[in-house]
Every structure is written in C-alpha cells, then in structure tokens.
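Below is a short note for a colleague opening this structure for the first time.

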Amino acid sequence: MEINDTNLQALASYLQQTLSPDKDIRKQAEKFLESVEINHNYSLLLLHLMDKVEVDIHIRVSAAVTFKNFIKRNWRVIEEAGNKIPMEDRSAIKQHIVGLMLKSTEQIQLQLSDAISIIGREDFPDKWPNLITEMVSKFQTGDFHIINGVLRTAHSIFKRYRHEFKSQELWTEIKFVLENFAKPFTELFVATMGLAQTHANDPAALKVIFSSISLICKIFYSLNFQDLPEHFEDNMTIWMTHFLTLLSADNKLLQTADEEEAGLLEQVKSQICDNVALYAQKYDEEFSAHLPNFVTSTWNLLTSTGQEVKYDLLVSNAIQFLASVAERPSYKHLFEDPGTLASICEKVIVPNIQLRQADEELFEDNADEYIRRDIEGSDVDTRRRSACDLVQALSKSFEGPVIENFSKYVQGLLEEYTKNPAQNWKNKDAAIYLVTSLAAKGQTQKQGVTQTSGLVNMTEFFENQILPDLQSPNLEENPILKAGAIKYLMVFRNQLPQPALITSLPSLIHFLTSNSNVIHTYAAHCLERLFMVKNATGGPAITINDLQPFTTNLMTNLFLAMEKPGSTENEYVMKAVMRTMSLLQENIIPMVPEILKSLTGKLLLVSKNPSKPHFNHYLFECLCVAIRTTCKKHPENVTSFEEVLFTPFTDILQADVQEFIPYVFQILSLTMELHDDSVPPTYMALFAHLLSPVLWERPGNIPPLVRLLQSYIEKGAKQIESERINGLLGIFQKLIASKSNDHEGFYLLNAIIEFMPFELLKDYVKQIFILIFQRLQSSKTTKYIKSVLIFFSLYAVKFGAQALVEMIEAIQPKMFSMVVERLYLQDLQKISGSTEKKICAVGVTKILTEAPIMLQGDYISLWPQLLQALIGLFELPEDDSVPENEHFIEVDDTPGYQTAYSQLAFAGKKSHDPLGNAVPDAKIYLVQQLDVLAKANPGKIPQMISSGVQEEAKNYLQRYLQAANINLV
C-alpha cells in the first residue's frame with residue numbers, strides 16, 4: 001500500500017464507515033480494514049491520517065484507536081503466528097510515533113501514548129534505546145501539553161515495574177531508565193513545584209501544572225517500587241520536602257464543587273500517601289528521619305478532611321499510610337501512648353466506620369458496586385476498609401489496649417441502638433461492621449475466618465445481635481442491618497456451631513425473595529458458602545437431610561431472585577443454584593425438568609449478548625450437574641437433555657457466540673460420553689464442522705475441541721470416514737507447531753493411535769513421526785519431550801516395541817539409539833501423572849524385553865541404563881526442573897481479545913487408562929517380562945543387570961522379583 005492521497009482518502013472513508021450507526025455498514029468496514037492490515041505501510045497510513053489537521057477529528061481519533069488496537073494485536077511476534085508487521089514499518093513507527101503523539105490533540109495523544117507503552121513493553125530498551133532520550137529532551141520545551149504527553153507515556157511504560165518479578169533483565173532495564181531519566185525527572189519536579197508557586201492564582205495554569213505533578217508522583221512510585229535507587233536516596237530531602245508541602249497544600253482554586261469526583265489536589269495527595277507508605281514499608285531505615293513529619297501531616301489531613309465521597313481515596317490512602325507505619329515494630333513508639341491510641345480510635349477510626357448518606361444511596365441505587373466493595377474484598381480503597389486495616393495493624397503491637405478500646409465502642413454503639421432502634425440503626429451497623437472486620441484475625445476467601453481475636457464471644461454476639469435481624473419477619477425493614485447480619489454469618493461460618501448454621505437456613509431462603517438486590521445476593525452467596533462448610537470429621541456441616549425440608553422453596557426462590565430487576569444475570573444466585581444441585585445429588589432429579597426449562601430460558605437470553613462471564617460459567621456448570629446427576633441414575637435420560645439443549649447449542653454455534661462455544665463443546669463431550677459404544681447420527685453430522693480451521697484459530701476453543709474429538713474417536717472410530725483422517729492429522733500438525741498447545745496435539749494423536757483402525761492410519765504413520773522429530777529439532781521444550789515419550793511408549797504398547805524401533809530406524813538409521821539416549825535416559829523421570837507413568841513404564845518394559853535390537857551392538861550398553869531409568873521412574877521423586885530460560889507461552893499471554901478457556905468442573909472427563917486391567921501393576925509386569933527375556937537368553941540378563949545397574953536400583957528390582965516370586969536366571 002503506497003502512502004498517497006488516494007489511499008489516505010480510501011482509508012478515511014472506511015474509518016468513517018466504522019462509525020456508522022448501521023451495523024452492516026460498520027461490520028463491512030471493520031472486515032475490510034482487518035483484511036488489509038497485514039499490508040506494508042498500513043500502520044503508517046493510519047499515522048499520516050492522524051497528522052492531517054484538515055481531516056475531520058472523529059476520523060483522526062478513529063484512526064488512532066484503530067492504530068492502537070492494531071499494535072496491541074500484532075506488535076508482539078508470536079512464534080506460530082509469525083511477524084505481521086514488516087520490519088521497515090516497525091522502524092518507521094518508532095521513528096515517528098513520539099513526535100506525532102506530542103503534537104496531537106489529547107484524544108489522539110491518549111491512544112498513541114497507549115500504543116507507545118505496548119511497543120515499549122516488547123522493544124524497550126533493547127530495540128528502542130533512544131525512546132527515553134527522545135522523551136526527556138521534550139522536558140526542555142516548557143510546553144506542558146507536550147510534557148504531560150511525555151509523562152503520561154512514561155507512566156504507562158514504567159508502571160509495570162510495580163508488579164514484575166525481580167530478574168536480572170528487569171534490573172538492567174530499570175538501571176538504564178534511571179541513568180537517562182532520573183536526574184532530568186527530578187529537575188522537572190523542582191521546576192514544576194516552582195511554577196505552582198508562581199501561578200498560585202491562575203486556575204487554568206494550576207490545572208495543567210497539577211496534572212503534571214500527579215503524573216510525576218505516580219512515576220516516582222513506579223521507579224522506587226523494586227528497590228531504592230541511589231539517585232532518589234541522594235535526593236530524598238528534595239522529594240520529601242516537596243511532598244510535605246503538597247500534603248498540606250490547600251489552594252481553593254483547585255477544589256471542585258463536585259461532591260463525588262476527586263479533584264487534582266486530592267489525587268496528588270492520595271498518591272503522595274501511597275509513595276510515603278511505600279518508603280515506610282520498604283526503606284524505613286533511609287526514610288526514618290522524614291517519617292515523623294509525614295505522620296503529623298497525615299494526622300492533620302485526616303482530622304481536617306470532610307466526609308464527602310470525593311475525599312474517600314485520599315482518606316483511605318492516608319489511613320493506609322498510618323497502618324503501614326503502625327505495623328512496623330521500629331515505629332511502635334509513635335503510637336504506644338494510651339492517649340494517642342484513644343485519639344486515633346475516636347478521631348480517625350470510628351468516624352470513618354460510620355455509614356454515610358452516600359453509602360446508603362450506593363446500597364439502594366448501585367447494588368453491584370456495593371457488593372463489589374463489600375463482600376468481594378475489593379473495598380480496599382474504602383474508608384471503612386482502611387480504618388479496619390489500621391486497627392488490625394495497631395492490634396499487632398497493642399492488642400490488649402486496642403481490643404479494650406473497641407469493646408467499649410461496640411458496647412456503646414449497641415446501647416445507643418437499644419435506646420431507639422428505628423432512629424439509631426446506624427450505630428448497630430457500625431458495631432456489626434467493627435466486630436465482623438476486627439474479630440477476624442486470619443481470613444481466606446475459601447474458608448472464611450480461620451482465627452478470631454477476643455473482641456467478642458462470636459456465638460453470643462450471633463444469638464443476641466445477629467439472629468434477631470435474620471429472623472425479623474419484615475423483609476424490607478432496615479435492609480442494611482440485614483445485609484450486615486448475613487455477612488456476619490457468612491464470615492464466621494466456621495466459628496459458629498453447626499446448629500446455628502442450620503437454624504439460619506429458613507431465614508436465608510426467605511431473604512432470597514427480598515426486592516433489595518443486595519439482600520437477595522448476600523443470601524444466595526451466604527447459602528453457597530454454608531454448603532461448603534465442613535464439620536470436625538471432614539463431612540459437610542449441612543447435609544442433604546438438613547436441607548431436604550426446604551429444597552423446593554430454596555430452588556423456587558433462587559430462580560425467582562433471577563427475575564428481579566438488576567438480578568437477571570446475578571452470578572451469586574446462579575452459583576448458589578449450582579452448589580445446591582451439587583449438594584442434593586439425586587434428590588434434585590424430580591425437579592430437573594423445571595430447572596432445565598429455567599436454565600435454557602436463561603441461556604437463550606444471555607447468548608444474545610454475553611456480558612457476565614461468571615454468571616455464564618455457573619449457568620453451564622448447572623447444566624452439567626443436571627446431566628451428570630440424572631444420567632448417573634438413569635443413563636437413558638441423556639436423550640431428553642439432548643432434545644432440550646441441541647436447539648440452543650445449534651443457535652450458539654451458528655451465531656458464532658465465541659464466549660459460549662468452548663462450553664458447548666464440553667457439554668457435547670459429556671453427553672456423547674454417556675452413550676454406549678457408538679456416536680449418534682446427530683453428533684456425526686457435526687463432526688466435519690469441528691475440523692474447520694477457523695474454529696482452531698481461537699485458543700479458548702482448543703482444549704474443549706480436542707476433548708470432543710477424543711470422545712468421537714473413542715466412541716465412534718469406525719464411524720469416521722477415511723477421508724477425515726487427513727483433517728484430524730492436519731489439526732495435530734497445527735497443534736504441535738505451537739508451544740502452548742503441543743500437549744493438546746498429543747492428546748488427539750494418542751486417541752487416534754489407540755482407537756482408530758490401523759488400516760486407516762498406516763499410510764500416515766511415518767509422516768507423523770517425521771513431524772514429531774522436526775519439532776524436536778527446531779524447538780525442544782520439557783513439556784514437548786514428555787508428550788513425545790508418552791506417545792512413543794503408547795505406540796510400543798499398542799503395536800509392539802519392534803514396530804516402534806522399525807518406524808524410527810526407517811526415518812534415519814541409528815536414530816532409535818538417539819531416542820533412547822537423549823530422550824528416555826535424560827527425561828523419563830520428568831513424566832508426571834499415574835496413567836502417564838504407567839504407559840511409559842509398560843512402553844519402556846516392551847522396549848527392554850521385546851525389541852531384539854536392544855541386545856545387539858551399541859544398544860547393549862544402553863539396555864542396563866534404560867532399565868535403571870525405568871526403576872528411577874518408579875522410585876525416585878518426579879524431576880520437575882525445566883532448563884533455564886525455557887518459557888511456555890500461555891494462552892492468556894497472547895495479545896488482543898481472546899475468549900479464555902474456562903473448564904467446567906462438573907463436565908470433567910473421566911481419567912482413561914489405555915492399559916486398563918491388562919497391566920494392574922507395572923512393576924510386576926516388568927519382572928514378568930524380564931523373566932520371559934531371561935529364559936530366552938540364559939545367563940545374559942542377570943549378568944547385564946549385575947554389571948550395568950547401580951546397587952540401589954538393583955535392590956529395588958530384587959523387591960519386585962520377590963513380590964512376583966520370580967528368580968531371573
């Protein structure tokens with residue numbers, strides 16, 4: 001594609017069409033752009049278009065978004081996909097993008113900044129060493145539009161330092177950045193602080209300057225996260241003096257009238273709290289001289305900041321800073337005065353635990369956000385959560401005084417509530433929140449609380465304060481108190497006695513009918529968690545018998561909850577349905593027709609626009625539980641499930657609902673495996689479609705598709721037409737070319753070898769082996785070698801060791817000795833999994849005892865070594881080491897949007913042992929086969945074992961012989 005006006009006009013026209021309200025025009029334009037994006041100069045045409053000021057701004061922004069998405073999908077070179085951007089285009093992009101980004105409007109600048117950070121993640125610093133110097137040179141311009149563009153880009157590149165694992169490569173990159181960036185960065189900060197003073201009365205200038213300061217503070221955090229750089233240690237006084245100034249700054253011109261949204265000054269102060277908390281936690285020795293000033297400044301900030309929502313992040317970060325200081329033993333002296341502790345409780349903790357008007361509104365108007373903050377543990381940035389973290393931190397050093405203080409507060413709050421429950425219900429809410437948060441010393445998502453403090457007696461508090469709210473007949477009265485009560489039950493489910501859990505069931509089931517989204521969601525979540533609680537003997541605390549009286553009511557109310565506005569795709573309710581069905585087992589069978597009707601109705605609804613991945617996942621899990629449970633008792637009922645599900649499944653496949661296709665394949669595997677011996681015609685009609693290359697392009701489809709094909713091959717090998725073999729082997733070839741999917745290729749190949757008639761395969765076998773060796777030569781990984789060893793061993797089991805030797809020798813003479821020496825001897829011990837170990841053990845036994853070549857020429861020296869490796873497989877711990885620098889690309893590492901593969905727990909495949917009962921014990925099988933070999937070669941085998949096998953291995957072998965009552969001669 002030439003860079004000329006004609007092509008630029010054509011590109012502008014297609015980009016204009018991608019903004020069309022007409023879906024068909026939009027789709028057509030998107031498809032065209034996708035088809036030409038691999039052309040030389042495509043990306044450069046987009047950059048040129050963005051640079052043309054005469055072109056409509058909407059088209060230029062569309063070009064920027066298209067460019068960023070193109071870079072996101074294609075900049076990283078993936079081995080199996082190849083390089084989709086020509087090298088000269090890559091060079092030209094890196095040459096022009098920074099300059100273009102800095103002179104563009106903010107909308108385009110944001111997109112290009114993201115694109116630079118994506119390119120930087122792959123190329124910086126090795127393939128783009130001048131990026132930093134080019135950006136730093138712009139600091140001298142004095143133009144804050146340009147400077148903010150540079151800072152925004154630097155922030156997006158450097159922020160990954162906050163979560164990268166430590167490595168030499170990372171240290172080298174950070175060192176390079178600091179050498180080129182740290183000094184001018186500090187100078188820019190000092191200059192910007194000076195400008196903030198100069199323009200203190202100019203609101204427009206202040207807004208731009210504080211945008212820069214906010215970005216500078218974020219970059220400071222990233223550059224200091226991994227370790228304390230020498231530059232920042234040497235210049236700590238400069239930075240900390242300005243941070244203190246900013247923390248106490250109070251310029252009215254920077255304040256916003258909005259009560260909800262934080263202004264620039266609040267954002268800057270919040271980030272400074274993060275920065276100094278980082279220093280207090282990680283570099284306390286170097287930072288200790290500055291710390292007392294920040295504690296004082298933060299204290300003043302907290303006692304003077306209002307309750308408005310816009311200050312929430314600032315207050316929570318400031319409290320988190322105090323918490324990070326309080327939990328360090330070296331700063332204990334700052335808090336040990338009883339007056340200080342009482343003051344913190346009274347002025348910081350209690351005010352920030354009280355429910356505000358904004359929290360009530362959130363409860364009523366935005367249930368999803370309230371739930372996300374409260375029960376999902378993502379309330380880390382809320383005032384309540386931070387206040388509780390501060391108490392937890394103080395408890396580490398002063399548990400006695402803290403518990404004593406808060407016991408009084410809890411008591412006082414509850415007394416106030418008792419005086420006038422209708423008026424003072426918020427006091428009880430605060431008391432329940434304090435107890436729920438502070439009594440929990442150790443907690444996990446799965447187990448709930450694992451350790452409690454002595455704040456209150458958990459059971460007494462439950463009976464006196466929680467149970468009355470749970471058993472209140474009026475569903476809609478004081479809903480926030482009810483939510484707190486349900487949360488208490490959920491959090492302390494492992495501490496409360498079993499009868500208390502069972503007593504609560506009717507109330508929780510009743511709460512499912514509440515019109516409050518928070519209440520019925522909490523009730524569903526609590527039920528699901530209670531069903532997972534184990535008693536002292538490891539069995540379920542709530543049994544089928546405990547639940548039986550409420551079953552119909554429970555299932556009815558769960559499905560009714562999903563009809564309420566705002567809860568039609570409620571993941572907590574659907575998960576509770578799944579857990580209830582799983583707990584009830586065959587007792588659910590009478591209700592399955594009704595349940596199936598409701599589930600398929602939901603499926604038809606959500607397949608039009610899948611938007612809640614967790615809800616969708618549990619929906620498919622419910623279908624699996626229904627199928628498994630019913631067909632376990634009545635296998636013939638699988639046909640009734642097929643009648644109901646095939647129509648929506650066909651619609652999903654035809655409409656190409658990408659998110660659901662992996663689930664459909666898994667359930668089809670499950671239902672097909674329930675048929676005896678053969679594959680029904682309805683499934684066979686789908687078979688050819690499953691070989692379509694487009695389905696295999698999506699990583700999320702691969703595991704369920706492979707499993708589905710395995711099921712076809714296992715159940716209906718004789719029904720598969722010979723012309724389909726080519727398609728199956730083509731898929732195998734594609735899969736083994738990929739480091740992330742090669743094991744899936746071998747799952748497919750192993751099924752083909754085990755179940756397909758050899759007559760159909762014989763013309764292809766040699767080519768299969770050649771492909772395997774080609775990949776071994778070009779890209780050998782531990783995972784791949786393990787798969788190869790299992791395949792070779794299965795081949796020897798199925799067709800005999802001699803057939804394996806002949807096939808490999810036919811490709812290249814003496815190659816089998818290399819297979820033994822470089823694969824079996826080196827890597828046999830890496831095999832994991834009981835079935836895989838058994839296949840390899842029997843395969844190696846056959847090679848040792850059924851391949852005449854092993855007792856001839858050069859192979860004689862390998863024979864005892866291979867026997868020793870086999871005994872090692874039996875007796876030594878698994879070798880799970882991988883060579884240095886070996887990296888497996890995972891599916892979710894691939895750039896761009898991909899439907900991730902979500903395995904359905906209740907659609908799990910039964911483990912299949914190709915040896916079945918033919919070889920119950922591989923050790924006994926080994927010595928039996930050695931006995932046959934020894935009798936055919938008198939005196940030779942014991943002599944080879946005696947001279948070539950190490951003593952420890954010989955002792956193990958002797959035990960196998962004794963167990964089988966065999967004596968080798």
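1. The largest nonpolar core holds 340 residues, and Phe181, Phe792 and Trp863 are those with the most contacts inside it. A nonpolar core here is a set of buried Ala, Val, Leu, Ile, Met, Phe, Trp, Tyr and Cys residues joined through side-chain atoms within 4.5 Å. Helix 20 (residues 383-419) supplies the largest share of this core, 13 residues. In soluble globular proteins, nonpolar side chains tend to be buried together.

2. On sources: this is a predicted model, in which local features need pLDDT of at least 70 and side-chain atom pairs count only at pLDDT 80 or more, while totals for chains, interfaces and linings use all residues. Residues are numbered from 1 along each chain as its sequence is written, and side-chain values use heavy atoms, with hydrogens and water left out.

3. Phe792 touches Phe769, Ile772, Phe773, Leu804, Ile808, Val819, Leu823 and Tyr824, not counting residues up to four places away in sequence. Contact means heavy atoms within 4.5 Å.

4. How do helix 42 and helix 43 cross? The axes of helix 42 (residues 834-850) and helix 43 (residues 859-875) come within 10 Å and cross at roughly 160 degrees. The two helices are therefore roughly antiparallel to each other; angles under 35 degrees count as roughly parallel, over 145 as roughly antiparallel, 65 to 115 as roughly perpendicular and the rest as oblique. Axes are lines fitted to C-alpha atoms, for helices over the stretch in contact, with angles from 0 to 180 degrees between N-to-C directions. Helices (H or I, at least four residues) are DSSP runs, numbered from the N terminus.

5. From helix 42, Lys837, Cys840, Ala841, Val844, Thr845, Ile847 and Leu848 meet Trp863, Leu866, Leu867, Leu870, Leu873 and Phe874 of helix 43. By class, the residues of this contact are eleven nonpolar, one polar and one charged. Ala, Val, Leu, Ile, Met, Phe, Trp, Tyr, Cys and Pro count as nonpolar, Asp, Glu, Lys and Arg as charged, and the others, Gly among them, as polar. Trp863 was also named above for its contacts inside the core.

6. The axes of helix 32 (residues 661-673) and helix 34 (residues 702-716) come within 8 Å and cross at roughly 20 degrees. That makes helix 32 roughly parallel to helix 34. The residues in contact include Phe665, Leu668 and Met672 of helix 32 and Leu705, Leu708 and Tyr712 of helix 34. This contact has nine nonpolar, three polar and three charged residues.

7. Leu8 lies in helix 1 (residues 5-17). At 7% relative accessibility, Leu8 counts as buried; buried means under 20% relative accessible area, exposed over 50%, and partly exposed in between (1.4 Å probe, protein chains only). Leu8 touches Leu45, His48, Leu49 and Lys52, not counting residues up to four places away in sequence.

8. Some loop residues deserve a look at their backbone. Phi of Asn41 is near 80 degrees, a positive value in a residue other than glycine. Asn41 sits in the loop between helix 2 (23-36) and helix 3 (42-50) and is buried, with a relative accessible area of 11%. Gln585, in the loop between helix 28 (571-584) and helix 29 (592-606), has phi near 50 degrees, again positive in a residue other than glycine. Gln585 is partly exposed, at a relative accessible area of 37%.

9. The peptide bond from Phe124 to Pro125 is cis, with omega near -5 degrees. Pro125 is in the loop between helix 6 (106-123) and helix 7 (131-137).
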